[in-house]
Amino acid sequence: MNILNRAQFGALSTKSHVPFVPRARNSDKLVLLFISQQGVIVLSQAVNRILVDDVQERLQREDCTTLKKKHLLYSPSHGTKEMREACATFLTRQHFPMEAVHPDHLIIMPGVTACMESLARSLCNPGDVVLSPSPIYHRIKTNFEDAGARIVHMVTTQDNNFELTPEQVEASIVEVQSEGECVRACVLANPQNPLGQVMTPSFLRAILEICARYEVHVVVDEIFAFSVFASDVTFTSLLALEDLPDPHRTHVFWGFSKDFCIAGLRMGLIHTVNPQLLTKLKHRSHYHSTSQQTQHAVATMISDTVWCDNFLDSSRKKLAEAYARACDMMEELQIQVLEAKGAFFLWANLQPFLTEPTVEAEYELCRAFLYAGVSIIPGTKFHCSEPGWFRILFSVPEEELQEGLRRLGAVISNRR
């Protein structure tokens with residue numbers, strides 16, 4: 001069972017996400033010492049640990065591990081020819097686009113975070129507005145604001161299951177532009193983090209058409225693209241849509257950290273057909289290059305089509321099973337969760353267990369969970385406008401999930 005021991009907790013507790021540690025108080029120190037001794041189950045870090053052994057076995061085969069002389073020399077910083085060709089073939093084979101993905105339209109960087117930061121700095125001028133829904137993955141705001149842009153959240157609420165509408169997107173663009181500001185981009189995540197929702201092709205096309213009318217770039221983070229586990233949903237990549245309204249303002253992120261369980265190898269990509277943007281991203285890739293040996297190993301793995309097909313099928317099946325188990329446990333605890341179709345987490349409503357409907361009360365509940373030995377992330381970290389929602393990871397071994405939710409249940413049982 002992957003429970004952080006005392007030494008590990010001491011090393012990790014200074015970070016904001018592994019495990020998530022809410023605002024600590026001086027009176028908390030003895031409690032933090034106690035939990036560092038009993039261990040913390042981490043249901044806060046978005047990783048898929050169900051199939052890590054399978055990936056490790058494939059990457060340890062000789063065809064992936066062979067070190068060649070060329071791996072010791074310089075290579076194109078935006079990705080080796082081998083890696084970009086392997087990714088282009090893989091994405092074409094998986095997404096069925098009308099035209100094959102071209103290797104020259106791909107930029108390889110060490111993770112989607114690096115991709116997002118580089119695109120933000122290449123795309124935005126200081127003061128530009130970037131639209132994004134909330135709740136949403138927090139790095140979107142961080143990366144674009146670090147680049148000098150200003151994030152305007154299109155707020156969604158529990159009243160309509162946190163659903164973003166095309167009308168809301170257009171109204172947000174019109175409102176910002178009416179104030180004389182430039183809306184540079186609309187940034188989405190599909191599947192959505194933390195909600196686990198999957199966008200339909202009609203929704204995506206509506207967003208693309210609206211943004212094209214107002215000359216706004218559309219950026220979609222598809223890092224969970226191959227982790228859609230619901231049998232009644234088919235994931236449609238932006239790459240698969242026909243006749244894009246504004247191809248030069250349409251960009252996609254994808255990476256290997258989630259779908260292939262290799263967050264530690266740091267590998268992500270940007271797809272764009274915009275020649276000016278590609279030039280800028282190639283220049284920035286000098287500061288964000290990935291080792292040739294890592295690229296060779298991953299390129300070899302995804303070029304093994306039989307292994308990839310079996311792995312992705314197995315991943316979706318096991319994620320569906322884990323999600324069903326987690327939902328059953330939450331039902332036993334009488335906790336409401338938003339129905340998810342993909343990704344690794346439950347979006348859970350713990351509002352009934354807050355002492356009051358405030359952010360501080362949400363943090364207080366988060367501390368109580370941490371003291372009980374389970375780490376989950378409060379909705380405030382995803383810019384949720386309504387305190388009391390939490391993201392809970394389920395893509396962990398079954399015994400960890402059971403013990404983590406048992407500890408969570410022990411906390412809320414005292415608050416009913």
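How many positive and how many negative side chains does the protein have, and how far apart do the centres of the two sets lie? There are 39 positive and 47 negative side chains, and the two centres are 8 Å apart. The model behind these values is predicted.

**Overall build**

The protein contains 14 helices and 14 strands. Its radius of gyration is 21 Å, close to the 22 Å that the globule rule gives for 416 residues, so the protein is as compact as a globular protein of that length. The C-alpha trace spans about 60 × 60 × 40 Å along its principal axes. Among contacts with a separation of 6 or more, 77% are between residues 24 or more positions apart.

**Surface and interior**

The accessible surface is about 17,700 Å², and carbon and sulfur atoms supply 50% of that area. Of the 416 residues, 55% count as buried.

The largest nonpolar core has 67 residues, and within it F144, F369 and L408 touch the most other members. Not counting residues up to four places away in sequence, L408 touches L333, I335, F369, V374, I376 and I392. Another core, of 58 residues, lies apart from the largest one; its members include V101, C211, C261 and M267.

M267 is also one of the contacts of Q295, a residue of helix α11 (residues 292-303). Q295 has a relative accessibility of 2%, and it counts as buried because this is under 20%. Beyond its neighbours within four places in sequence, Q295 is in contact with G79, T80, M83, I108 and T290 as well as M267.

**Backbone details**

Most residues other than glycine have a negative phi, and most peptide bonds are trans. The table lists some exceptions in this model.

| Site | Feature | Value |
|---|---|---|
| S134 to P135 | cis peptide bond | omega near 5° |
| N193 to P194 | cis peptide bond | omega near 25° |
| E215 | positive phi | about 55° |
| H383 | positive phi | near 65° |

Where do these residues sit? P135 lies in the loop between β4 (129-134) and α7 (138-146), and P194 is in the loop between β6 (183-189) and α9 (201-213). E215 is found in the loop between α9 and β7 (217-221). H383 belongs to the loop between β13 (377-378) and β14 (389-393).

Is E215 buried or exposed? Its relative accessibility is 53%, which is over 50%, so E215 counts as exposed. H383, at 22% relative accessibility, counts as partly exposed.

Technical notes:
Residues are numbered from 1 along each chain as its sequence is written. This is a predicted model: local features need pLDDT of at least 70, side-chain atom pairs count only at pLDDT 80 or more; totals for chains, interfaces and linings use all residues. Side-chain values use heavy atoms; hydrogens and water are left out. Helices (H or I, at least four residues) and strands (E, at least two) are DSSP runs, numbered from the N terminus. The radius of gyration is taken over C-alpha atoms; the globule rule is 2.2 Å times the number of residues to the power 0.38. Buried means under 20% relative accessible area, exposed over 50%, partly exposed in between (1.4 Å probe, protein chains only). Contact means heavy atoms within 4.5 Å. Accessible areas come from the Shrake-Rupley method with a 1.4 Å probe; for residues, only the protein chains shown count as cover. Lys and Arg count as positive and Asp and Glu as negative; His and the chain ends are not counted. The place of a charge is taken as NZ of Lys, CZ of Arg, CG of Asp or CD of Glu. A nonpolar core is a set of buried Ala, Val, Leu, Ile, Met, Phe, Trp, Tyr and Cys residues joined through side-chain atoms within 4.5 Å.
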